[in-house]
Structure formats: C-alpha cells, structure tokens
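Trainee: I would like to take a close look at a single part of this molecule, and I would be glad of a slow, connected explanation.

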Amino acid sequence: MERSIETQVSQAVDAWLRWLPRWEPATHRGRIAPCRRCFGSPVLSAAGLGSDVPHGVQHGLSTRIKTIIDHAVAGYTAHNLPMLQAELDQQAARNRARTYRPAEGLDPEFEGLPMDPDPVPGAPFLFTISGLADEVDAALPALPPLSAEAKAALRQEVGLADDYATLIGRDVCGILLHHRLRIQAAVSQYVEPQIASMLEELARSLDAPFASPAEPPGDADTDPTSRPGL
C-alpha cells in the first residue's frame, strides 16, 4: 500500500533528525552562488529553518522533502500525462546509456549540490567533474525532434504536472508545520552550540591577532634575570 504524504514527511524528518548529530560546520571556502533548491524555499520556511541556519543543515531536509514531491508528481504523470511520461522515459533511457553519472546515488546531504568548487580567478582547473559528465552526455544521440503540435501538447502537460507539484508542495508545507518544534529543538541541541563555539574562537583570534599560542605573555617578559646570560 502506498504510504500517505503525511507518513512520508514524518519519516523524512525522522531520517534528517538521525543524521543531524553528525553534522559539522564546513571548513572549506563558501560558495558564491546560492543553492537553487534551498534559497527562498517555502519548505524550509514551513520547517522553521531560516537564513540563520547553515546551508548544510537546510539542504539535508529540503532534498528529502523534494524526493517526496518528485515521487508524487511521477505517479500523477504516469497515470494522467502520457505524452510527458513518454518524454521522461526517453530521457531516462538516454541517461542510463551514459557511462559516467557522478550526480546519481548521492546521499541527500549532497544531492543537487554543484559537483565542482567555485573557480578561482587566474587558476583554471585541469578538468572538472561536471565537464567530464558533459563530454559523456554530448557523445550520446539527441532525442528525436517534436512537431509543433507535440510541443504545444507537451507544454500543456508540463503545466499540469507543475500545478500538481505546487498542490503537493502546499500539503507538505502544512504537514511540516507540525514538526517545527522538534526540528528547532534539534537545531538548538546540535547546530547552535557548534556555531557559538566557532564565533567564540573567532572572537578570541580577533582580540589577540598577534599573540603566540605556544608562549603566552608572562613575567619572563619583564624580569631581567630571565634573559640569557644574566
């Protein structure tokens, strides 16, 4: 029996809560471009994960919820939108023919993120993962072209699928409201202490930017008898 949307959302939140204790702040350079999946997401707003919550924490939940919405839309498409389903089947077959698929099979915390770091001016990459994937994709034959009538019909079905995705998204956001307290409690327990610790360490380094951590200042700086040869 197909699980209800409410059950799926609850299980997705449970899975995210089990992962959250393993989250640690990123130590690499942040990205310039915002995440398309998370920036301004109504799902994250419903969950109570605002802009003050690190993106890594947000992304793990938004990806799990997106999977639920995508699955519901896929079922609706398969039963009601034959032209769109045929197009998706052709695209899926083309994707399976690729020998290199680096974006598939990732954990929810990494799914949908850029595969390569942001470029550094004056230091070009020898190669990139996305570039290798594009080379493999370019070698595959393109899908057969559609007539003008087929394109118009396909656009209509895509619009219906988008409308259904919006409907499911609203339902999901309503369900997430019931999970906000335990989501926020988990953030307070596992995320905020790590952020506070980082800020405290940063404050210490700003207060004493030239202090030597190996030899703190003491009486030896002023006691002449401590100098060599005296």
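Trainee: Could we look closely at the salt bridges: how many does a search of the whole structure find?

Mentor: Before the count, a word on what we are looking at: this is a predicted model, in which local features need pLDDT of at least 70 and side-chain atom pairs count only at pLDDT 80 or more, while totals for chains, interfaces and linings use all residues. Residues are numbered from 1 along each chain as its sequence is written, and side-chain values use heavy atoms, with hydrogens and water left out.

The search of the whole structure finds six salt bridges, where a salt bridge is a side-chain nitrogen of Lys or Arg within 4 Å of a carboxyl oxygen of Asp or Glu.

Let us begin with Arg64 and Glu109, whose side chains meet in a salt bridge with 2.8 Å from N to O. This pair links distant parts of the chain, since Arg64 belongs to helix α3 and Glu109 to the loop between α4 and α5, 45 residues apart. Both Arg64 and Glu109 are buried, a word that stands for under 20% relative accessible area, whereas exposed stands for over 50% and partly exposed for what lies in between (1.4 Å probe, protein chains only).

A second salt bridge joins Asp70 to Lys66, with the closest N and O atoms 2.6 Å apart. Here both residues lie in helix α3, four residues apart, which is about one turn of the helix. Asp70 counts as partly exposed because its relative accessibility is 38%, and Lys66 is likewise partly exposed, at 33%.

Another salt bridge is formed by the side chains of Glu104 and Arg101, at 3.0 Å from N to O. Salt bridges that share partners join Arg98, Arg101 and Glu104 into one network. Within it, Glu104 is partly exposed with a relative accessible area of 43%, and Arg101 is partly exposed with 33%.

Tyr76 lies in helix α3 and Tyr164 in helix α6 (residues 148-176), so the pair ties together parts that are 88 residues apart in sequence. Tyr76 is partly exposed at 23% relative accessible area, and Tyr164 is partly exposed at 24%.

Finally, Thr77 lies in helix α3 too, and Thr77 counts as buried because its relative accessibility is 1%. Leaving aside its neighbours within four places in sequence, Thr77 is in contact (heavy atoms within 4.5 Å) with Pro82, Leu84, Gln85, Leu88 and Ala161.

Definitions and conventions. Helices (H or I, at least four residues) and strands (E, at least two) are DSSP runs, numbered from the N terminus.
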